[in-house]
Amino acid sequence: MWSDMIGNTVGLIALALGWRRSIWTWPAQLLSGVILVAAYASAQLSGGVGKQLLVIGVALWGWRLWTRGTQQAQDGSIAIRFATWKERGVLLAGTAVGTLAVGALFTAVPSLSWNPWPDAYIFVGTLAAMVAQARGLVEFWFAWLLVDVVGVPLAFSSGLAFSGLVYVVYLALVLWGMRDWWLRSRAAASRPVMEGAPA
């Protein structure tokens, strides 16, 4: 469907804006979610509609956080950093528990998903990535990478060539974005040491 193609394309734009640390990533994610809600609703896929409504909610929350924190970095963009070990533990535990819960729900209600466990993994992983992005964590890219590892082969094996292609482009953007955020966070972490070093 055209709405599915447009929604996924806007999602790619949103990811590219996230790489640039632009606050416009959140309105783009919001628009992508709204378009995909319409796509899933027209196809009578209630599970897809529910998932996109949650994505829209997280996008609104992320937009609010970045609006409040856009002046944290020296260049006026959002400040980024690596997560603490505690934050990583919470993110991993939340993703694991969420995947089990959503997978069980999708299994119990087959109409919500054609492929319950991979679908649950991708859905919860996407939410985890968005939460990490909202907090400016470099681990946001690792979460997206783990989603793509399952999303790419699943899309192609399901005969969804366009969605598979979108995931491949996502993968390329994720690798570039991961490198950029990694280097920026390392530079930011070493700056105080460099400034305090003897001349």
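Predicted model: local features only at pLDDT ≥ 70, side-chain atom pairs only at ≥ 80, totals over all residues.
Residues are numbered from 1 along each chain as its sequence is written, and side-chain values use heavy atoms, with hydrogens and water left out.

The protein has seven helices and zero strands, where helices (H or I, at least four residues) and strands (E, at least two) are DSSP runs numbered from the N terminus. Of the 199 residues, 45% are buried, a term that stands for under 20% relative accessible area, with exposed meaning over 50% and partly exposed in between (1.4 Å probe, protein chains only). Among contacts (heavy atoms within 4.5 Å) between residues at least 6 apart in sequence, 67% join residues at least 24 apart.

Helix H5 covers residues 116-134, and its 19 residues should span 27 Å at 1.5 Å a residue, which agrees with the 27 Å between its end C-alpha atoms; the expected span is 1.5 Å times one less than the number of residues. H5 is mostly covered, with 15 of its 19 residues buried. Just after H5, Gly136 takes a positive phi of about 70 degrees.

The second largest pocket has a volume of about 270 Å³. A pocket is, on a 1 Å grid over the protein atoms alone, an open set of points where a 1.4 Å probe fits, with protein on both sides within 12 Å along at least five of seven lines, and lining residues have an atom within 4 Å of a point. Its lining holds 14 residues, and Leu91, Leu92, Thr95, Ala143 and Leu146 lie nearest the centre. Helix H4 (85-108), H5 and helix H6 (139-157) each give two or more residues to this lining, and the largest share, six residues, comes from H4. By type, the lining residues divide into nine nonpolar, three polar and two charged.

Leu145 lies in helix H6 and is partly exposed, with a relative accessible area of 23%. Leaving aside residues up to four places away in sequence, Leu145 touches Leu171, Val174, Leu175 and Met178. Leu145 and Gly125 are 20 residues apart in sequence, and their C-alpha atoms are 9.5 Å apart in space.

Technical notes
Points joined across faces, edges and corners; volume = space filled by probe spheres on them. Nonpolar A, V, L, I, M, F, W, Y, C, P; charged D, E, K, R; others polar.
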